[in-house]
Amino acid sequence: MDIALLIIGFIFMIIGILGSFLPVLPGPPISWIGLLLLYLTNAVPNNWWILGVTLAVALVVFALDYIIPAMGTKKFGGTKAGMIGTTIGLLVAIFFPILGPLGIIIWPFVGALVGELLNKADKKTATKAAFGSFLGFLTGTFLKFMVTIVFLGLFITTAWEYKAALFPYFD
């Protein structure tokens, strides 16, 4: 059962990292579930302090993911149309990887710009607002990605520390 929890936990960690880029998946909370599964094994002793602190971090980052893009958009004079355009641009980058890895950066900005242009007549204002919306998106994504990577590092180091108990037949 420990091996199953370890494997499922690791899968949750990978899905959490993907969720830091995909708007439909809450990356940090999913990664936290991976940590929880690791600590639920019989091999790894429960550490409720680590689980509590990491849960708090995951929930704060989850909430900030909604607050940061709105603040960026508002600060640069953007509207909800720019935020929607950013999300649509991200989905285009994910499902139609025309520009490869650069598409993750380019398409959300293009989406925000198109959203703002559809909402406003002034190109300069639309570009500034699109930049704000895009900057907020990048900040939130970077924050989620860093948290999920830290959670993955914690997962791996904890699993490595208790590898003898997790894999007793390899001794």
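Residues count as partly exposed when their relative accessible area falls between the buried class, under 20%, and the exposed class, over 50%. In this predicted model, F131 has a relative accessibility of 40% and is therefore assigned to the partly exposed class.

F131 belongs to helix α6 and pairs with F76, which lies in the loop between α3 (48-75) and α4 (80-95). The ring centres of F76 and F131 are 5.6 Å apart and the planes stand at 80°, so the arrangement is edge-to-face. The two residues are 55 positions apart in sequence, and the pair thus ties together separate parts of the chain. F76 is also partly exposed, at 23% relative accessibility.

Three aromatic pairs are counted in the model. Another of them is formed by F10 and F155, whose rings are tilted, with a centre-to-centre distance of 6.2 Å and an angle of 45° between the planes. This pair links distant parts of the chain, since F10 is located in helix α1 (residues 2-19) and F155 in helix α6 (residues 123-161), 145 residues apart.

L38 is part of helix α2 (residues 27-39) and is buried, with a relative accessible area of 0%. The C-alpha atoms of L38 and V60 are separated by 22 Å, the two residues being 22 positions apart along the chain.

How values were computed. Residues are numbered from 1 along each chain as its sequence is written. This is a predicted model: local features need pLDDT of at least 70, side-chain atom pairs count only at pLDDT 80 or more; totals for chains, interfaces and linings use all residues. Side-chain values use heavy atoms; hydrogens and water are left out. Rings of Phe, Tyr and Trp (its six-membered ring) pair if their centres lie within 6.5 Å; planes under 30 degrees apart count as stacked, over 60 as edge-to-face and the rest as tilted. Helices (H or I, at least four residues) and strands (E, at least two) are DSSP runs, numbered from the N terminus. Buried means under 20% relative accessible area, exposed over 50%, partly exposed in between (1.4 Å probe, protein chains only).
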